[in-house]
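Hi,

Here is the structure I promised to pass on.

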Amino acid sequence: MDVKKTAPGLKAMLAFLLFALVLLPAGGIRTMAAATGEGIGPVFVIPVDQEIERGLQNILERGFKEAKQSKAGLIILEINTPGGRVDTAERIGELIKSSGIPTVAYINGNAASAGAYIALNADKIAMAPGSMIGAAALVDRLGTPVEDPKSVAAWKSIMASAAQAGGRNTSIAEGMVDVNLQVNMPEIGKAKEKGQIISLTSEEALKTGYADRIASSPEEVADWMGFANHDMFRVDKSPAEQFAGFLTHPWVQVLLLFVGIAGIVIELIVPGFGVPGILGILAFGLYFFGNYVAGFAGYETWVLFVIGLVLLALELFVPSFGILGLLGSASLVAGVVRAAYDTTHALLSLGIAFAAAAIVIAIVAVAFKDRGIWNKFILNESLTEDKGYSSVTNKERLLGMQGTSLTPLRPAGTALIEGERIDVVTEGGFIESNKPVSVIRVEGGRVVVKELT
C-alpha cells in the first residue's frame, strides 16, 4: 500500500526533473545572450567633426531622427571637435538624453571645450588611442579667456552636472573649466594646480573614469556594446549641408560679403547692368543660402536684404536727404547680421568686407568717372566755340576783322564776320543790311563796327 502511494510521487518527481532538464538549456542560452549584450537593431554612427554651432545641431537632429525611424539599437557619436558654442552644446546634450536610444561618445581625436560636454552626456564614453577630452575653459570668439565669474560658475556647474549624471568625478569636470581650482587625481598620479586646465589622454581618462573603453574604431565600439558591426550606418552630411559648411566658413563669408557689397555698389554708380551687379547679387544669394541651409538664417533675412536694396535704389532717384539710404543700409546690415550664427563674428566679417569693398569702389569710381551715375546730376554741357558759341575773351580776336551786316544795325544787330554770326553795335549811326563793316573796337562783350566806304 505504501509503494502504491509512493509510486505516483516518484512519477511526479521524475516528470518535474525531466521538465527542468528541458528548460534549463533554453534558460541558460537566454541568460548568456543577455550577459553578452546581444544588441537588437542597427548601429548609427554620427560624426561630430566640426565646430559646435547651429549647423552641427541640425545634422545631429536629422541623424537622431533617422536612427529612431530605423529603430536603431545604438548611436555612436564620433567626436573630433575643438568646441564651439556652449548654448548649442547644451541643446545637443538634451537631444542625446531625450532620444531613448543608447548612445556612446567615441572620441576619435579631440573632445575639447563644448565637445567634452557633449561626450559627458552620452551613456558611455570610448576613446581612440592618442585622443583627448577636456580643456573646457570659456573663451570668446577671438580665443581670449572669459573671466566673468558668473559665466565661469554657470558653465562649471553644467559640466559637473553632466559628469555626475554619468557617475564620474565632478571635480575633474570642474577642473576642465576653472583655472583657479586645485584638483587631485591620484588615479594618474597628477594634481591640477591653479592656472592650469585639465585635459586627459585616453589612458588617463580610462583610469579616472572619464572613459569606459579604449577602442580603435567605431566597429570595435559596436562590438564592445554587443552589436553586430556589419549592421552599421554612417550619417554623412548631405551635399547641401557640405556646400553650406563651405559657404559658412568665416573667410568665405568675408569674401562673399566683399563681392556682394562691391558688386552692387559698382553697378549702382556705373550705369549698365552687367558683371558687377550679377556677381554682387550672386554673392549675397550664396551668403544667405549657406546660412539658411546651415540653420542660421530664416526667411526674414531675405526680406531685409531685398528691402535694403530697394531703398538704396530709391535713394538714387528720390530726394530724401539721405533718409532712404540710411534705412536701406540699416536693413542690409540687419539682414546680414541676423543670417549669421554669431553677431560678433558677423559684424567683424561685415567690417572687413566693407573696408576692402570701399577701396575697390573708390578705384572703380575714379577709373570710370565719365560714366558714373553722378553725371546725371552734374551740368557737363559746355558752351564751346565749336558749338557756335563765343566767349567774351575770344571776341577780342575780332578786332580789325571785316564782315557783312546781316540785319539792319539800329544801332545794334547781327553781322557775319569771318563766317561767324556776331552781335554787334555801331557808334550810333544806322547801317543797312548787306553792307560791308569792320570791327573797330571790342569792349568786353560789346563789338563795335563801322560801315566801310
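This is a predicted model: local features need pLDDT of at least 70, side-chain atom pairs count only at pLDDT 80 or more; totals for chains, interfaces and linings use all residues.

**What I found**

Setting aside neighbours within four places in sequence, Pro-47 touches Leu-56, Glu-78, Arg-234 and Val-235. This proline lies in strand S1, which covers residues 43–48. Is Pro-47 buried or exposed? Its relative accessible area is 10%, and the cut-off for buried is under 20%, so Pro-47 counts as buried.

The average pLDDT of the protein chain is 81, and 84% of the residues score at least 70. Among the chain's elements, strand S4 (residues 124–127) has the highest mean pLDDT, at 97, while helix H1 (residues 2–35) has the lowest, at 34. Residues 1–37 have a pLDDT below 50, and beyond near neighbours in sequence that stretch makes five contacts in the model. The pLDDT is also below 50 over residues 373–380, a stretch with 13 contacts beyond its near neighbours in sequence.

Now for the helices. H10 (residues 250–269) and H14 (residues 343–367) have axes that come within 8 Å and cross at roughly 40°. The crossing of H10 past H14 is right-handed. On the H10 side, the residues in contact include Val-254, Leu-257, Phe-258 and Ile-261; on the H14 side, they include Leu-350, Ile-352, Phe-354 and Val-360. Which classes of residue make up this contact? There are 19 nonpolar and two polar residues, with no charged ones.

H10 also packs against H11 (residues 275–293), where the axes come within 7 Å and cross at roughly 145°. This time H10 passes its partner in a left-handed crossing. Among the H10 residues involved are Gln-253, Leu-256, Gly-260 and Glu-267, and they belong to a contact with H11 residues including Gly-277, Phe-284, Tyr-287 and Asn-291. By class, the contact of H10 with H11 has 13 nonpolar residues, six polar and one charged. Leu-257, Ile-261 and Ile-266 of H10 are listed in both contacts, with H14 and with H11.

Cheers

Key
Residues are numbered from 1 along each chain as its sequence is written. Side-chain values use heavy atoms; hydrogens and water are left out. Axes are lines fitted to C-alpha atoms, for helices over the stretch in contact, and angles run from 0 to 180 degrees between N-to-C directions. Helices (H or I, at least four residues) and strands (E, at least two) are DSSP runs, numbered from the N terminus. A crossing is left-handed if the near helix is turned anticlockwise from the far one by less than a right angle, and right-handed if clockwise. Contact means heavy atoms within 4.5 Å. Ala, Val, Leu, Ile, Met, Phe, Trp, Tyr, Cys and Pro count as nonpolar, Asp, Glu, Lys and Arg as charged, and the others, Gly among them, as polar. pLDDT is the predictor's confidence in each residue, from 0 to 100. Buried means under 20% relative accessible area, exposed over 50%, partly exposed in between (1.4 Å probe, protein chains only).
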